[in-house]
Amino acid sequence: MTIKAMTAKEVARKVIDNEPLFILDVRNGDAFADWKIEGGNIQYLNTPYFDLLDGVEEVVSELPTDRDILVVCAKEGSSVMVAEMLSEEGIDAAYLEGGMKAWSDHLEPVKVGNLKNGGELYQFVRLGKGCLSYMAISDGEAALIDATRMTASYLDFAKEKGAMIKHVFDTHLHADHISGGRAIAEATGAAYYLPPADAEEVVFDYVELVNGLTVTLGRTKVEALYSPGHTIGSTSFILDDHYLMTGDILFIDSIGRPDLAGLAEDWVGDLRESLYTRYKELANDLVVLPAHFMIMDELNEDGSVYKQLGDLFKENHGLNIEDEQEFRDMVTKNLPPQPNAYMDIRKMNMGKIMPDEEVQREMEIGPNRCAVR
């Protein structure tokens, strides 16, 4: 029986479409517990590769006959060998092409909606990392917001849509993933915008992203709203008077953590003011588009992640803590572990270091940890 590869894109579609899938993850138990492929209709079995070197007989009885089986490892090699061993036992199983590294890198573009004066807005969903980035297209011009390091995905998509990338924005200096913003701007001649309060140590030129800045994209406007708290420079965007891009300050099911530059106690007041004052003054029907999602339940049926601001003020616990001390305690104490290599990621996003592609991939491996919980 010939084994076959399943690409990260094919797995992404199964996750989004809620198709049944059984994953035999042959990484070590700690790696599996920390981070895995998630989905509402996925079943798992974690058996380390080294436990299967003498044969797969021990797991055969635990494998289903009514759903696709996918063998997963870190880089691909071990999963190929296990899939071949299963094939010898008469079991049809695929392996994940490129392993979890490929899963971490995959971007799935999902259309969020049309713009009022013509044009479209797309969300790039990075299921393996929880990152969300955006491309707005109007009259043949495109703007990118919070692009990841997988620059080819955006360049190819813009070309496919017949759009020229004119503006590239980062809502803040990212600490959990490597930004592709500057590289895309250099490749296309686009302007690269970064909040100056986050950019004191950067070693490259950029356009200052300040409160009230309005950028025209075709017949669409992008307005900057200073909203510090996750970082001191965090800036939101109101696009087309309809979409609120919140960066890492507000998520669908949580709020942003203020500690990734070691200044949680200093920034918690800014975080509360941005969420409880600045955002309260905005229209409830604005569609919130964050830069990350925390759990798969936040995805809509089509794989997109968004919700109206008014709904979040009713449902998001982080927006409904009346006592200021209780709020302060929540966002400064008992926080989840900080992202892997986050200090080196910050340095890279400042332009201070430039490791090779494989090192960059290793720096990012693991779950999203930008939220308070």
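**Salt bridges and burial**

Reply: Happy to. Aspartate 105 forms a salt bridge with arginine 361, with the closest N and O atoms 2.8 Å apart. This is a predicted model, where local features need pLDDT of at least 70, side-chain atom pairs count only at pLDDT 80 or more, and totals for chains, interfaces and linings use all residues. Residues are numbered from 1 along each chain as its sequence is written, and side-chain values use heavy atoms, leaving out hydrogens and water.

Me: Why is the contact between aspartate 105 and arginine 361 called a salt bridge?

Reply: The term asks for a side-chain nitrogen of Lys or Arg within 4 Å of a carboxyl oxygen of Asp or Glu. The closest N and O atoms of this pair are 2.8 Å apart, so the contact qualifies.

Me: What makes arginine 149 and glutamate 364 a salt bridge?

Reply: Their closest N and O atoms are 2.7 Å apart, so this pair meets the cut-off too. The pair links distant parts of the chain: arginine 149 sits in the loop between β9 (141-145) and α6 (151-160), and glutamate 364 in helix α12, 215 residues apart. Helices (H or I, at least four residues) and strands (E, at least two) are DSSP runs, numbered from the N terminus.

Me: How do you know whether arginine 149 is buried or exposed?

Reply: Buried means under 20% relative accessible area, exposed over 50%, and partly exposed in between (1.4 Å probe, protein chains only). Arginine 149 has 12%, so it is buried.

Me: And what is the value for glutamate 364?

Reply: Glutamate 364 has a relative accessible area of 0%, so it is buried.
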